[in-house]
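Biologist: Could you take one part of this and go through it closely with me? I'd like to hear how its pieces line up and what sits against what.

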Amino acid sequence: MGATVAILIWAVTAATLWMFLSGRWPMPELISLHGQGWDSQYLMTIIIVGIAFTLAQIGLGWCVFKFTDKKPGPATYTEGSAKVETTWTLITAAVFVMLGITGQRVWAHFHLTDPPRDALMIEVTGQQFAWNVRYPGPDGVFGRTDVKLVDDAAGNPLGLDDKDPAARDDVVTQNQVAVPVNRPIRLILKSKDVTHNFFVPHARMKQDAVPGLATFMHFTLTKPGKYEVACAELCGQLHWQMKAFINVMSDEEFQNWLKERAP
Amino acid sequence: MEPTTTIHHHAPPSSFIRKYIFSTDHKIIGLQYYFLALVAAFIGMGLSLLMRIKLAWPTETWPTLAALFPEGFAGGQMKPEFYLAMLTMHGTIMVFFVLTTAPQGGFGNYFLPMQIGAADMAFPVLNMLSFWFTFVGFVVLMAAFFVTGGAPISGWTGYPPLSALGQIAGPGLGLGQDLWVISIAIFCVASLLGALNFISTMLNMRTKGLDLFKLPLTCWAWFTTAVLALLAFPVLLAGGVLLLLDRNAGSSFFLPEGLIVSGKVINRSGGSPILWQHLFWYFGHPEVYIAILPGMGATSQILATFARKPVYGYRAMVIAIFAIGLLGFFVWGHHMFVSGMSPFSGLAFSVITLTIGIPSAIKTFNWLGTLWGGRIRFTSAMLFSIGFVSLFVSGGVTGMVLGQSSLDLFYHDTYFVVGHFHMIMGVAAIFAMFAGTYYWFPKMFGRMMHEGLGRLHFWLSFIGVYAIFVPMHILGVMGHPRRYAQSTAYEFLGSALPLHEFITVAAIIMALGQFIFLFNLFWSMKKGAKAPDNPWEATTLEWATSSPPPFDNFGGRQLVVHHGPYEYSVPGAPKDYIMQTDPPLAVAKH
C-alpha cells in the first residue's frame, strides 16, 4: 500500500509540474514597461515555490513508501529536535521575507511612484456593463460633470456639463481606450454604480473602479496592437460581457484618432 | 494549576424529542452539526456541478435541466444570473455551513469534551441553541432559492454597492439578497454562542492531571478556532446589520454620493464600499483558518496514531497553531490589494501575509517528521490525512504567489485564486473531515466503516482534486477572471475551453466518488462490523470509554491523566501505545 500511495503522490506532483512547465497555456504576451519586473518576480517566485512544492511532495511520498508497518521493528521514538526545527524555520523565514521584499520593487514602480508630469491623462468610468473613456481634449482639463445630466440614450453617459468651457472639448468613447505607445499614461478610474475592475492581462495590471472614489494607475505600454480589457470584479448579471479594448498606437495615429472624435 | 471538573449526574432524557432533536448532549449536537454539514455539502457540490456544466459546454442546451429549473434554464441554456446565483449560494453554503460547521460544530462538539475527560460542554443549553440557530440560518439561506427574483448574485463576499442596491442592480438582489444577509447574521450569533462554549469548556472542564500541554492537538485547534470565531464573527455581524440597514432603512454606510444605477440617480451619500471590504475580510481571513485549523489538529492526531509515533515537535505545533491564528487577524488587507486602499497598506499586508508561511512550513515539516521512521498503517483515515498534507502543501505554496501585492496585480480575482483557496481551505479541510469521519466513526456509531470502500473513495477523491484544481491555476496563469458565466468572448482566453471541459469531467467523476462515501457512511452505521472501544490502539481519552459512549461519556468515572497525548512506541513500554489514562510507567523515555 505504501508504494501505491507514494506513486500516486509522485504522479500528481509530476502532472502538476508538467502543467506549469509545458508552456501549452501561456500567460498573455507582455506589453508594459513595469510588466518586465512583474514577469521576473513571478518567475522567481514560481521557481522557489515550485522547488518547495516538489521537495515536500517527494518527501511525503518517500515517507509513506519507506516507513510502512511491513518494516520490521518498532517506530522510532522521538519528540522532535529543537535544532532541526529552528534551522528549518529560519531558512523558510529568510526565503519568504526575501520574496516579500523583492516583490515590493514592482509594487513601488506601479503604485508608490508618481507618474511623470507630462503623462497623458485618461479617465475611465465603469458602469453595468460598459467602460466609458474620457480624454480631456486640447485644453488638457477634464470638464465638469453632473449626475443629473447623465443620459445614456442621448449620448451623455458621463453627464458632461456643456456650460463648462472645459467640458466642451472632452472626448468621450465607450469600450475603446486608445493610447500612444511608449508614453506614460495616468489612468483615473471611477464607477457610476457598482465596483468594477479594470484588468489588462497583457499589461499585468489591475485596479478596482470604486463608486464614490477615484483610483489611479500609471503605466507605459510598449507594444502597438489591440488588447482586451476584462472586468475582474463581480458587477452583476452580465459581468463577463463587460469588455473593452486598449488600442496601443503610434503618437501620430493617436492624435488622429483623438481628432476624429473631437466634438 | 489543577483543573477542576464537575461531573453532571443527571439522568439521560427519555423522550425522542429531548434525546435527538432538542438535545443538550454534546454528542447528539455534534452529530446534528455533522449531518447538517453533510446535507449542505451535497447541495453545494450539486450547485458547483451546474456551474461546471455551463463553463465546459457554454452553447449546449439542456432540456432536462430546463425542466428542473424553468427559470434558470429558460430555453434550455443557463442564464448568466442563474450562474451567478449558483456561485453565490455554493460559496456561502460551503464556507459557512460546511467548512465552519462540520470541523468545529461537528467533530469539535463531539470530541472536545471527551478528549478532556468531561461529561459535557460547559453550557449544554447554549450548545443546543447554537446548533438550532445554525439550522435556522441554513433554512433562511435555502429559502432564497424560492423567492421572487431568485437567489442572490453578489458572490459569497457580498460586496456593496451591488449587494446594497436591491433589485435595481440586477436579478436576485431583492428579497434573495436580504435572506442571504439575515442568514449570515443568524449564523454569526450561532458561532458566537458556540465559541464561548468551547473556550469555557476547554479552560474549565479538564479532568484531573490533564494540564494544557497534555492536551491533544485537536483540542488546541478547536480552542484556537473558537477564539478566532469569538473575535471575527461579531465584526461580520456588525457588517451584516449595516448592510441590511443600507438595503432597507435608507442608510448609506456603504453607498457613496452620486450613484446612477439603471439610469436612476440613487439618493444616498456619505458611505464607502471599501468599508464593507474591511469589515468583511477582517472576518473573512480568520474564517479561512476557522475552516482549516481543526483539520490541522485532526491530521496531527491521525498521523501520530497510524504512524505509531508521537507528533514531531508537539510544542512547536501548538505555537504554530496560535501563530497562524494570531497572524490571521493582521492580513485581511491582502484581499484588497487592488481595491483602491492605500498602496502603503498593500505593502504592509503583503509582508505580514508572507510570514504566515513560516508557521505553516513548521506544521508541514513536523507532519513529515511524524511520519519519518514510523510504522504506517494505511487505514482510510490515514490515507485522507496523508492526502491532507499533500493538499496543504499544494494549496499553501500558491499562497506565496498571491500574498505578494505585486503579483496580485495580475492574479487578483482570477482562477489562480479559485484554485488556491479550493485546494487549501476547501478540499484540504474536507479531506480532514473525511479523515475524521473514518477515524472517529467507530467511536460515534459503535461500528467500523468499510475500509475497501474507504480506499476507493480516497483514490477517486485524491486524483479528482488534483485534476480539478491544478488546471484552475493554469486558467489563472492565462488571466481567466473568476465569476465569468462564459469565457468564449475573450481572445486571450482562447485555450480555456478544453481546460474547462477537462475540469468538468473530473468534477463529475469526483462527485460520483462522494456517493461511495455516503453509501459507506449509512451502510456501516447499520451493517458495519462491531467496533471495539479502542480499535486503532490510540492514546487519547475518547478511546477510554465504550463505543458508542454512554450519555455522560465515561459512566460517571473521573479519569486521571498521567501521560502526554501521543505516547506511541515508547521504548520499554509493554505495548506500542500508552493511553493517557494508563498508570504511570517506570520507563525512561529517552
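Modeller: I'll go through the sheets of chain A, then turn to some helices of chain B.

Before that, the ground rules. This is a predicted model, so local features need pLDDT of at least 70 and side-chain atom pairs count only at pLDDT 80 or more, while totals for chains, interfaces and linings use all residues. Residues are numbered from 1 along each chain as its sequence is written, chains are lettered from A and ligands numbered from 1 in the order in which they are written, and side-chain values use heavy atoms, with hydrogens and water left out.

How far can you trust it? The model scores ipTM 0.96 and pTM 0.95. Chain A has an average pLDDT (the predictor's confidence in each residue, from 0 to 100) of 94, with 100% of its residues scoring at least 70. Within chain A, helix H3 (residues 82–112) has the lowest confidence, at a mean of 87, and strand E6 (residues 196–200) the highest, at 98. Helices here are DSSP runs of H or I with at least four residues, strands are runs of E with at least two, and both are numbered from the N terminus.

Now the sheets. One is an open sheet of 5 strands in chain A, in the order E3-E2-E1-E5-E8 and with mixed pairing; two strands pair if DSSP finds at least two bridges between them. At its edges stand E3 (171–174) and E8 (215–220), each with a single partner strand, so one side of each has no neighbour in the sheet. From one strand to the next, the twist averages 25°, where angles run from 0 to 180 degrees between N-to-C directions and axes are lines fitted to C-alpha atoms, for helices over the stretch in contact.

Strand E5 (residues 184–191) has a part in both kinds of pairing. With E8(A), E5(A) runs antiparallel, joined by 6 bridges: Leu189(A) is opposite Thr215(A), and Arg186(A) is opposite His218(A).

E4(A) runs parallel to E10 (residues 243–249) of chain A through 5 bridges, with Val177(A) partnered by Ile246(A) in E10(A).

Over in chain B, the mean pLDDT is 94, and 97% of residues reach 70 or more. The axes of H2 (residues 26–56) and H5 (residues 124–143) of chain B come within 10 Å and cross at roughly 15°. That makes H2(B) roughly parallel to H5(B); angles under 35 degrees count that way, over 145 as roughly antiparallel, 65 to 115 as roughly perpendicular and the rest as oblique. Residues in the contact include Tyr33(B) and Leu36(B) of H2(B), and Phe131(B) and Trp132(B) of H5(B).

Helices H8 (residues 273–307) and H9 (residues 314–327) of chain B pack at about 170°, with axes 11 Å apart, which makes H8(B) roughly antiparallel to H9(B). The touching residues are Tyr289(B), Leu293(B), Met296(B) and Ser300(B) of H8(B), and Met317(B), Ile321(B) and Ile324(B) of H9(B).

Terms used: Contact = heavy atoms within 4.5 Å.
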